[in-house]
Amino acid sequence: ICYEDEVGVPFAEDSGAASAAQSRLFVKQTDALDNACGLLAALHATANSCDVRAEDISGALAAYLDQARSLPGIDGSSQAALLETCEALHAQYCAFAVQGQSDMPLSEQDVKYHYVTLVPSDGRLMLFDGMRCGPTDVGPCARALVSATKHGEIGRA
């Protein structure tokens, strides 16, 4: 999901983030990964979707995901540090990023939109936002998705 960033609009605290993070791959958006929220949203969707099978992922992405899942910690910092040094994945990302439909912003102040991922998990809807401290349990899947999108509550920072 891409949304217009509304700085200063409160979002519910990350209740349940620790327990959710233990069973899901989460990558923190660090300073070195600044403006990489689209990449992190794609990684979170790929790594945590029940519709994506491990045998369907190969190459640099598969290698990164295997290593990232084996790292300790639930806040995504170790996984982010690994991503920062993954040269093969970085090269693939850059090759595709230059094909994008928009120019790279010159500074953090120029960023108007932010990408996050919503993933259904065991009847719950999980929000993955690299700017948070871990995945957020939004609530029962069907009801939470309808309610959050209807009221514009998804992704506010």
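Me: In what order do the strands of the open sheet come, and how are they paired?
Reply: In this predicted model, the open sheet has 3 strands in the order S3-S4-S5, and the pairing is antiparallel.

Me: What holds strands of a sheet together in general?
Reply: Strands of a sheet pair through backbone hydrogen bonds, and the pairing may be parallel or antiparallel.

Me: Which strands are at the edges here?
Reply: The edge strands are S3 (117-121) and S5 (136-140), each of which pairs on one side only.

Me: And how far are neighbouring strands turned against each other?
Reply: On average, neighbouring strands of this sheet are turned by 30 degrees against each other, with direction ignored.

Me: How many bridges link S3 and S4?
Reply: S3 and S4 (residues 124-128) pair over 5 bridges in the antiparallel sense. Within this part of the sheet, Pro-120 stands opposite Leu-125 in S4.

Me: Which strands does H2 lie across?
Reply: Helix H2 lies across S3 and S4, and H2 runs at about 10 degrees to S3.

Me: Now the helices. At what angle do H2 and H3 pack?
Reply: H2 and H3 (residues 59-70) pack at an angle of about 75 degrees, and their axes are 12 Å apart. H2 is therefore roughly perpendicular to H3, as angles of 65 to 115 degrees count as roughly perpendicular.

Me: Which residues make that contact?
Reply: From H2 the contact involves Leu-43, Thr-46 and Ala-47, while H3 contributes Leu-61, Tyr-64, Leu-65 and Arg-69. By class, the contact of H2 with H3 has 5 nonpolar, 1 polar and 1 charged residues.

Me: Changing topic: how many cavities of 30 Å³ or more are there?
Reply: The count is 1 cavity of 30 Å³ or more. The largest cavity has a volume of about 30 Å³.

Me: Which residues line the largest cavity?
Reply: The lining includes Gln-29, Cys-37, Leu-40, Ala-41, His-44, Tyr-115, Phe-128 and Asp-129. Sorted by class, the lining has 6 nonpolar, 4 polar and 1 charged residues.

Me: Where does the largest share of that lining come from?
Reply: The largest share, 4 residues, comes from helix H2 (residues 37-48).

Conventions. Residues are numbered from 1 along each chain as its sequence is written. This is a predicted model: local features need pLDDT of at least 70, side-chain atom pairs count only at pLDDT 80 or more; totals for chains, interfaces and linings use all residues. Side-chain values use heavy atoms; hydrogens and water are left out. On a 1 Å grid over the protein atoms alone, a cavity is a set of points where a 1.4 Å probe fits but cannot get out, and a pocket is an open set with protein on both sides within 12 Å along at least five of seven lines; lining residues have an atom within 4 Å of a point. Grid points are joined across faces, edges and corners, and a volume is the space filled by probe spheres set on the points. Helices (H or I, at least four residues) and strands (E, at least two) are DSSP runs, numbered from the N terminus. Ala, Val, Leu, Ile, Met, Phe, Trp, Tyr, Cys and Pro count as nonpolar, Asp, Glu, Lys and Arg as charged, and the others, Gly among them, as polar. Axes are lines fitted to C-alpha atoms, for helices over the stretch in contact, and angles run from 0 to 180 degrees between N-to-C directions. Angles under 35 degrees count as roughly parallel, over 145 as roughly antiparallel, 65 to 115 as roughly perpendicular and the rest as oblique. Contact means heavy atoms within 4.5 Å. Two strands pair if DSSP finds at least two bridges between them.
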